[in-house]
Amino acid sequence: MHKKKFNQHISRKFNEELESIRSKVLNMGGLVEDMLLNALKALYSNDTQLAEIVIKKDQEVNVIELSIDNDCRKILATRAPAAVDLRLIMATVKTITDLERMGDEAEKIGKTVISLAMPDGQEKVNYHELVAIGGHVQKMVTRSLDAFARFDSELALEIIKSDEVVDNFYETIYRNSITYMIEDPMTITRRLNVMWIARSLERIGDHSKNICEYVIYTEKGTDIRHSEDSVSKTNIS
Amino acid sequence: MSFKFLKVLTTQLLFLLLVAWLFWLITNSLLIAIVTVFAFYFLWTVIVLTSIRESIEKDVKITWLGTRGFYSELYSDIQSLTKNSWKYRKKFVVLFNEVNALARSLPDAALIVDDRYLIQWCNKASNDLLGINAQSDVGQRVDQLVRFPAFIAFLSNPDNGYVDIEDQANNRHLRFRVANYAKDKALITVRNVTQQVKTAQVRQDFIANASHELKTPLTTIKGYSELISDAEFETKEASQIATVITAQADRMNKIIEDLLELSKIESRNITLSNEIVNIEGLFAQLIEGFAYITERPETIIESAHKSQLIADKQLMYSIIENLLSNAYHYTPQTGQVILRSSDHAEGMMIEVIDTGMGMPSNEVTRITERFYRIDKGRSISTGGTGLGLSIVKHSLELLGGYLEIESEVNKGSTFRCVFKSVVR
């Protein structure tokens, strides 16, 4: 669906209101993208100062969520939107909830980075498994926001399918960590932290997938949530 | 009405009246003669004009019109105008294609946006650098597709000229510029400056490391030279040499300290403390700090307003201290130095004005470069390190402000520091 569909109302003010909401959602998405990138950078470089910045940023995300929520409520009350407009508002309300949770997960990673930080001179934990999953999740977040900006359901469907890769990464990290813990109980605390980070990244991937489902719902009017049948998901486009 | 037109009109009318008279003789009816002649004339005019129109549209020449007569001349004029218009059109098409090809081959991304940030046009590099496609993304809002928080903040207030943003996902640095070229149009350009940023980082690291490494042997040199200075020598020359060594070691130590401070500020590896700074108190502290210079020009403090500033007090002190130190160095004892604070549209302004030797206006832009000297011999006579103004400029940028300099030879200089965070 091209964005022009949202610009076809008689009321120019209504067009502007919808456009402003979309911009706010994507600005919020930009902040979350930034938080995730910084959280991963802090993790790879053991940078606790950067992790603290990530933790503080979550407040900004929360404030924007409340503001967009308020805007959506106003539109529902004053404009009584229908059809594609109603779907857009519904998708927006759900998207910002997912974005806010992604921010929370990035904040959790920041907190774990601080607790993982090793004093100087001690050997650092190898995060190579997290580099791979982190890179993949970060791409998912960026692409899901691109799909939201362009209302591109083909791209959204592609991202939904790619979530399996993240789940597989998580499964591997989970198994590896258990093996490490059985072999050497001294590593349990640190391995648990690594698992928490992987869990957070996997959750962020799931939230990106949710956003893509809302994009498809807005554009096609088809609700594909909780639909395990991959054929139906393939057919929507 | 031109003479040519009157001549044509008269000729045509006379010709028609002559033909009408001949018809009158044949038909014996004046009315029938006039109506027939004018009807034929009208038909002839329609045929000629339609033929001319077709000839222009199909680019075919009319031969039966001949070379003489009103319509022939008219046809010839239209032909010449059409020819010229095609020539210019071709020229414009060539020029347009060239500009288009040039924009497409630019290594920098270029986007034209309107006052609502809707993309009107973009080149091929926009896809490589920002993922914005010229075919599908025209009409989209640029801030929805380029979501760097720093870019969105910059877009709403692009006064500073440009902003450098780290694109962490693609491991590169991008420089964004916004130029408003019409009331509701702006050109956004984006350049990949990864190599420049890396080079600057290497330079900064080198300076920081080299300065750090030089500090240890210099401390030893300084210590021994001070010991030697304290000793008793048989000749006066030996004592003088020891004093020179100590003075130069002190100077070198100051340069290294400044270099380390500058590299720390440049790399932004500094934690700023945000505290409320009382300007009057700060000025008093600064003047007290310069009490050791007994032979200095008269200093006037002007701080009439009630504003306070939220900033890093230590860094602010260092900025004004550097400026005051310069003013004292380059102003004769009979001159005057004014330290003034005032309200500014963007926050608060602190000025250091002196009536010293000043500098030529073409040197003003380069004076904040590290080690830049207008007169190469000055460093020895005045004892400065050549890093003071560079430290001032970068410290101000770190605090979110900027420096303005005005100067005139033999009349003096004005250094204006604009700070943005103000509590009224």
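Q: In this predicted model, what is the bridge partner of Asp164(B) in strand 4 of chain B?
A: It's Arg175(B). Strand 4 covers residues 172-182 of chain B.

Q: What makes strand 3 and strand 4 of chain B count as paired?
A: Pairing takes at least two bridges between two strands. Strand 3 and strand 4 of chain B are joined by six bridges, so they pass that cut-off. The two strands run antiparallel.

Q: Which sheet of chain B holds these strands, and in what order?
A: An open sheet of five strands, in the order 2-1-5-4-3, with antiparallel pairing. From one strand to the next, the twist averages 25°.

Q: Why are strand 2 and strand 3 of chain B said to stand at the edges?
A: Because strand 2 (119-122) and strand 3 (162-167) each have a single partner strand, one side of each has no neighbour in the sheet.

Q: How many helices and strands does chain A have?
A: Seven helices and zero strands. Along the sequence, that reads α-α-α-α-α-α-α.

Q: What does "buried" mean for chain A, and what share of its residues is buried?
A: A residue is buried if its relative accessible area is under 20%. In chain A, 50% of the 237 residues are buried.

Q: What confidence does the predictor give chain B and the complex?
A: Chain B has a mean pLDDT of 84, on a scale from 0 to 100, and 95% of its residues reach 70 or more. For the complex, the ipTM is 0.83 and the pTM is 0.67.

How values were computed. Residues are numbered from 1 along each chain as its sequence is written. Chains are lettered from A and ligands numbered from 1 in the order in which they are written. This is a predicted model: local features need pLDDT of at least 70, side-chain atom pairs count only at pLDDT 80 or more; totals for chains, interfaces and linings use all residues. Side-chain values use heavy atoms; hydrogens and water are left out. Helices (H or I, at least four residues) and strands (E, at least two) are DSSP runs, numbered from the N terminus. Buried means under 20% relative accessible area, exposed over 50%, partly exposed in between (1.4 Å probe, protein chains only). Axes are lines fitted to C-alpha atoms, for helices over the stretch in contact, and angles run from 0 to 180 degrees between N-to-C directions.
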